[in-house]
Every structure is written in C-alpha cells, then in structure tokens.
Amino acid sequence: MVQCFLIHTVGPVNGLAPGESRVLYSQVFGPEQSALTPLDEIQLEPEQRRLLQKERVAVVARQVRSAVTLSREASGRVLVETVLGEELAAIQEADTGVQRLGRGEPWVGEKTVLWLAVQGLAFTLVTEPHENLLLAEGTLKNITRHCLEHLRMLGTGSDVLLKSDRVDVLLHRLMPHGLLLFANHRFTQSLEKDMTNYMAK
Amino acid sequence: MYSAGTESLIKQARDIGEVDLHKFYSRISKQLTTREHSHDVIDSLQRLHLILASNKYSRRLPVELHRRLLSLCLSSSVEQLTVLTLAVLRETLPPSGPEQNYTLQDYCPLNSHAAALVISQAGCKGDLSALSSVLLRSLDGRAAEGPSLTPNLPLTQTIPLLNTIITYSPDSLSEDHVIVLSKKLVDWLRYASVQQGVSSSGGFFSSPRIRQLGTVAELDGSVCGDFFTVLCVSPSFSEDQWMNLYSFSLLRHWLITYHSGNEGNPSTDTAADGRLVLSFSLSHEDRSEVDGSVVSMVSATSSSSRVLPPKERLREKSLEYCQRLLEQSDRKALKRADADLQKACLVEAVCILDSVCLEDAGCVYRAFPCVKSLFGRLNSDLSYSRVLVPIAQFYLNHGETAAVDSECVWRCVWGVLPAECFNQPYLAYEMLSFIRANQLLLQNSVPLYTHYFPNLLKFLAWDSPSLVSDYIDVLPSLVTAGTALELLHSLLDLPCLTAALTLQLRSACLPLSDPGGRGLTSLEAFRSPVYRGLFLFLLRGEAGSGDTIDRLSMLHDLLLEASDWPRVIQSAQSVPVLLHVYFNTVTEVSDERLLAQLVLVMLERSSLLLNIPTYQEEIHRVFSYHLLRLCKLHPSVVVDQSRELLEFAGMTANVHSKEDLYTHVVWVLGEYLSVSSDTRCSVDLITSCFETLEAVLFEITFSGSPTPRIATSLLSTLAKLASRSHDLIPRVSLFLSKLRSGTVSWCHSEEDAVAVVTRGEELWSLLKLPSVALSVLTPPPLASASGWHRDANTALPVRLRTLTSLTYTDLKHTPLANTH
C-alpha cells in the first residue's frame, strides 16, 4: 500500500535553509508505526506520535529534494516553464525517479519512494517495497495531473494550502486509503466524473 | 508555482496567537450550531486545517468544538464537510482527560472517512483489531452487536481499509476473518457479472438500478470472452464489478500476508510426483501454444474447485484470474491508458503466479507454460522491459522445478536490458531490487550473473546517487576469483563508462550534422572508427574479453572534457565507497597470486585515472588503505612483488604526485621486506631496496622539499632495512647524524623540522645497538599483533618508546662529538 503522499518544494524557498523542503500537503495513510510496535517498550504519547510522523514526512521531503536536484544536475536539461492550461505538457516535461528508503530512514522497515518533479514542486509517493511500481507510477502521474488542474498549481495562487480538501478527495477516489487500483480507463472515468462533481461545487 | 504569497500564508498560520486562535475556535463553534452550513463554514474549516497542519506540534481543540466536528464528520451528507472535518480531526488529537476516552463507539455510524480517522489515530493493535472485526462483520452480512456499530460505508471501501489494517498489523485479523475474506475474494474475483452495469448519474457511490445492458467488452473492443477482470471495459460497472477491481488490487498483498509459508510444506514425495506430472503436462501445454488458439483456455481448464478449502480455493482462482489477465494483455488496447494498465497487470499477474507457486509447487506445471509463452512474446519488445524482471524472478524460483532452461531469460534480462535501458530509473530500481533480494541464489546457481557484470554496472554509471546504496549491497556477490581483476578496472573506469553512455545517447539523438554535437571532441572521437575499439570495450556487456586495455590513457585523454560533466562527477563520487566494498570482499575470495596481481593493478592504475578533481586523491587514499590490509594479510606479497614496488618507490615523481600511496608503499617495504615475513627475502633484496630509497631520499632532500611525512617514513624504512642488514647501518647513521647537525633547511616550518629531527634522533640512537634495533624495528609477530601500537601505521612498538625515553635521557649527557 501507499504509506503517504506529499507535495513539497524542491527549489530554494526564502527563509528556509538550503536543502530543506517546504511540505505543502501531506497525507499519511494508516497509523503511526510506533503506536503498534513500540520501540524499546516505550509507548509514545499521541503528541509524540504525531510529531514523529511529521518528522518522517520531512525526512522524505528532504531526501526527494536532494534526489531531484542531483537528477536535474545530471541531466542538464533546461526546465521548461509551463503555465495554467498546460498541465499535460507539464506532466510530460516532469522529471521522475524512484529511490529506496532503507531501514530506519525514516521508517522501521524498507520503503520505496517515487517522485515526480514539476518545476519547483515534487509530488511524492512512499510505498511498501513489494508494491507494483508500474501501477504506482501511473497513479502518481494521474494524481499529479489532477492536483495541477483542480488546484490551479501552475498559477501563482495558494489553493494547495486553502483547498487541500480537493487533494483529499482526489486521493480518496483514485487511491482510497492508500490502495493502488488497477483501474482501466472506464473505471477511472467513473471515478473522475465523481471527483469533478465535487470540484464543481 | 510556489509563490511568496503561499509562503506568507504558512507563516501567518504558524504565527497566529493563542487569543486570536480561541476567538477563531468560538467563531467556528458558532457557525457550526446553525442548521444550514453556509460557505463561511467551509472557508473557516479550510483555514482551521491550514493552521493545524502547518504546525509541527499538535494543538488540541476545545472539547465542545471537537465533539461538534466529529458529529459533523459522521453525519453530514455534504461530502465537502465530511472531508474537511476529517482533515481537521486528523491534524489534532482527541481531547485528553479521564472522561474523554474515545472508543470505536464514538466514531459510529462508521463511514469511510471516520474509519480512516480511527486508523490514523490508532494507539495500539487493539484499536485496529476492533475496527477490522466491524468491517468483517459488515462484509459477512451479519448484523453487528448493536445497531450503532453497523457501518455506513460502501462495500468497496472495506477492502482498502482492510488493506491498511493488514499492512500495519496482519494479526488483527483472526483465522476466521481470513477465511471469510478469502471466500469473498473468490466470489468477487471469479464470479463478477459480465453484464454491463447501469450508468447512474451519481457514480458508483449511489445505488445502482436493476436494468442491465449488454455484456462488457475486452480492451480491444471485442465481446468479453470469459469471466470479468479488471481488463474488461463497460460504460458503467455494477457493484460486483467494482468489487472485482478492489479485490484484485488487494490480492497480491493478501496472498503474501496470509498465504505464504505458514501452512506445512509438501513432503518430498509429493514434490517428486509433481515433477513427473509436470514434464508430461508441459509438453501437453506446449502443443496448445503452438496451435495459437484464441479462445480462452482458462475457464475450459478450470478444475472443479468447489470442494477445496477456502485458502486453496482462493489460490486456484487467483491462478485462473492471472492466466486470464495474461491472455487479455495480448489484446491491442484501444486506449493508451489501458495499454499501460495491461503492463501493470502483467507484472502483477506474474508476481501473483509466483507467490501461488511458491506456496503450492503443484501449481508450477499450470503456471509455467503461461509465463514461458509470455516471455516468448515479450522478450524482444523493450517497451515491456519492466515485465521481464518479474518473469526472471519466476524463472529463478521455479525454473528448476519445471526443469526448464532459464539461460535465455538471463541473456535477455542482463545481456540486453541494461545496455538498452540503462537510463530508465524505474527499471534500474526494479532490477537492483531483484538482484538484491536474490543475490545469494544468483551467485551460486546462475553463472551468467557475474558474467554480465559490465552490463550491470551501466545502471550505476548512469544514476549513481540513487543506486549506490543498492550496489554497496550487491557488489560482494559480483566479486569472484574470475571477475576480480576485471571488476577492479571497471570500477576505476566507472566515470569513463558514464561518459561513454552519455556519448552513446547523444550520438543516437543528434544527427551527425547537428551543430549541438560539434565542438565536443569526445563525441567526435566516439563516432570515429579509429577509436571504436576503445569505446566498444568500455561499453562491453560481458566479462571475459580482457581485464583492461593498452590504450587506456588515450581513452582518458579523449574523455578529458567529460571530467566536469555533473553525471560523470556524481559517478566518480560513488567509486571510493564501492572500492572499499570491493577490497573487503576480494580478500575473501582470492588466493595469493590474485592478491599479488591486485597490488600490481593498484600501482599501475594509480597514475591511470580519469582526471577529475579530487578523484585521483580519493582513489589513492583507498589504495593506500587496502595496500596495507592486503600486505598485512599476506606479507609475502611484498617479497613477490618487490621489483614492482621498488620501481614505484624509486620514482621521485611519485613522491609528489601520489604522496599518500607513496608513503604507504615505502612503509610496506620497510615493514615486510624481512626474513620473518618471508624466508625468501635475501640480503641482496634488502640492500637493493635500501639503495633505491636512499637515492630517493638524497634526491628529494637535496633538490626538493619533501613533506615531513615522506621524509620520516623514508627514514624509518631505511632504519628498518639497516637493522636487518648491519652493513647498511653506517650509511643510514651518517645521514641521520647530518639531520642532527641541523641540515633540514628543506623543512618549511620549525615544527616540521623538530618532527623530522626527533625521528632522526630516535632512529639514530636505536641503531647504535643493532640487536636492540632489530627487535624493535622488526618486532616478532606476537608484539605487532597484540595491539601495542599507538598508531597502526608507524611500526614503533611500545618497546621503542620505552627505549627512546631511556636513550634520550642518556643523550643529553653525551657530547655530540662522540657520534662520528
């Protein structure tokens, strides 16, 4: 299953240390692991568990940020600016990659992290190591496209912060509770139609 | 995309004061009391979520507000309100306090969002078990204890929720639960209707009407040939078809979790029987492949499985489902998205078949022909490269049981894919995951694995930052006595391989006439027939065509301009750590002859490296470290290779360009060129070594300015050699005494001069007592092995320090004139 989905910055942000990444959206599916398998028999308080979860997300964001930077540096490709309405082109131009998160970095078990970097932002999925990556990759692309479209992310607005319920809804449809769906185009259409109704309200 | 406005919103949300926040809370509470929730509520909840989410530390909401939000989340018919309240509640914590103990009851009637909230705030495994019981009861169609616990969520949502629960806590489901769900999965997977569902305006969340249209279609538009799968399309779907989708999406995880390894292994007798049947049925199946029959064979070959126990039955049905998917994937999809889904389904199907066969070897004879023909169909189509990796896993796990020769698979997976698809990050990742998970098996039972190491290194050369940690894990399995030397050269030339791969891609992308390629001398060289051999060697796929080439320095010259390409620099940065892994492994697999060759390669390659800033120094450092280790393990290597080591140590140029390595070579000579290390060590050898080093020392102190490190290591080595051949003592003592008289003008600082003079004095005093000098400078193995050194790299055992302190005090009273 998918552990979490996040949207975060991969470029420099004013007031943020170099190498840091600002997390704009994150959804963690499932409980904080430390609740179920306490480390050294120490049961963490709910506050501590939440903090731990936030820190894990931040670690992933930093790792992806550095991976994106290295990958862009290596490819030497010039970033193509895309504007509102060019969401499909933005996805096609996006850099993508996948990496292993080793044990303890930051989860107890091994995980796989997939990222899609559109200009200054990355859309990131963390999955279990046995997950079907072809499916995850396709789902991530689809989710990213919908985020760009429904939150007008190629523009300069702040919908990603203020209308984050839209991301919640599109995740809930396309990847319910973190389950990747083998949905053919007809299933997807039906899910998307349902989603568009929500966005229209 | 990310604007200053967005950043300032986050700042505002973080900086909001307690007073303002409480005002905001009471405003929301007031808004929530009205019966009709206006747009303002939505707006307030969105802001509240932002405030809570952008803070690292959690805030607790006032008890009353929390209660209202939860009740809204459970009861609202407006989805946006449910979603927003859920989002807010996830970011906060349930109110704490003795009478504020939330139980599952408080989240009922349970809807999909509330269930997600329960999971996300679960504090122990018990919370998940309780939830899974509720979900399972609803699946089973039985009424829960008390109407309030009856969930109010669509059937489809139970599957993803259960998927989450079993990911985190598989034992939350009892054996009965597992059986119930296994039975359900069979029904949904295998017996979903093939009639089209009815289109309804509200999507699948609203209740479907009864009217049925025609049958569903295959992806190529033809009429559905067999039972329903996720690769069947229809304008709309019925609930059982949706359940089919959800069930298949869960299936592999379910099988891995509850069907692997826990139920006793079949006895050897039955396994042998299975193999007999197998060989018969394989030939049978092969014939049906040749017929090329289009009609689905899946249902036709389905055994009457009604009598099987639930788990076996699910396995049986999974196998049929996957076989059908493999058939369906051969159809030409009308939509691009569906073509991608076909590939994902192929991967999933092969993985499921693999786990089914691992569990029940009897299935191999039915699954293997399908996978084999799939491989036959796909192996020449690179767009299916990602499917080939799970096929390779299948062959690795079951090829032997099926008595099938897997060589063609390895030739494709390692011979072709890395060379053609080295720049695909996902394929690289999957390939490395596969190798990492199976490296022991591959090393021991698939000889082609190590044979293809030059190809496998291409993934690393292309994307070293994300793959280096995987290579650290798998490199030891590639190091064998047969590959060791060639692998060492390949690792050292990894940056060259990166450059060559870049050129290969550019050369393929840019037409010869393109101006983009001009000005790149390396690209012209790459295309020139004169240098073809060099590049072909670099880009070779298989081991065994020689360890390295003669004209390596020419190749380095051609690639000189690549030394500042970021990708090349990245790949160079990964080499030192991999070399450490390599040397740590190679000592375990090689004999003395091979180790001797490794020493030679180090000496030779120390000056034959691509000229990347700091790369050479890094490599020299690694060489130095491992030269010591190798010689310590096998001291006789030094006598064996004394000619080459002396040649290296005799070149004054090396003193300056490779100080690190040079110092270590000198130290190794002094330490191990002795009879106690190797009885073949003759006086002549010691003398010739002494003379070579003496000449270097004279030369560099006369005309250059050696660092104190070089000077002292040369001095120490000369003293060591002299202590083993007493004729040499006067010669070194003469030099040492000169030092004492202050001829160290080549030292840059006072501190350096003191260091050199002190070392000189110590050695000089020691050599005055030759027998003591021998026992100190060439200590018996016992003395050197027991950790008496303060510094592992200077062989002055504790005895030397004691003696020095004695002689040093003595010296103060001895007039200098007494010493020649």
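These questions and answers cover aromatic pairs, charges over rings and backbone angles in a predicted model.

Visitor: How many aromatic pairs does a search of the whole structure find over all chains?
Guide: The model is predicted. Over all chains, the number of aromatic pairs found is 22.

Visitor: Are the planes of B:F228 and B:F237 stacked or edge-to-face?
Guide: Both residues, B:F228 and B:F237, are buried. Their rings are 6.1 Å apart centre to centre, with 75 degrees between the planes. Planes over 60 degrees apart count as edge-to-face, so the pair B:F228 and B:F237 is edge-to-face.

Visitor: Why is the pair of B:F248 and B:Y321 stacked, and at what angle are the planes?
Guide: The ring centres of B:F248 and B:Y321 lie 5.0 Å apart. Planes under 30 degrees apart count as stacked. The pair is therefore stacked, its planes being at 25 degrees.

Visitor: Which helix of chain B holds B:Y321?
Guide: The pair links distant parts of the chain, 73 residues apart. B:F248 is in helix α10 (residues 239-258) of chain B, and B:Y321 is in helix α13 (residues 310-328).

Visitor: Which ring does the charged end of B:R540 sit over?
Guide: The charged end of B:R540 is 4.0 Å from the centre of the ring. That ring belongs to B:F537.

Visitor: Is A:H177 buried or exposed?
Guide: A:H177 lies in the loop between α6 (164-174) and α7 (185-200) of chain A. Its phi is positive, about 50 degrees, although A:H177 is not a glycine. Buried means under 20% relative accessible area. A:H177 has 7%, so it is buried.

How values were computed:
Residues numbered from 1 in each chain as written. Chains lettered and ligands numbered in written order. Predicted model: local features only at pLDDT ≥ 70, side-chain atom pairs only at ≥ 80, totals over all residues. Heavy atoms only, no water. Phe/Tyr/Trp six-rings, centres within 6.5 Å; stacked < 30°, edge-to-face > 60°. Buried < 20%, exposed > 50% of the residue type's maximum accessible area, 1.4 Å probe, protein only. Helix = DSSP H or I, 4+ residues; strand = E, 2+ residues; numbered from the N terminus. Lys NZ or Arg CZ within 6 Å of the ring centre and 35° of its normal.
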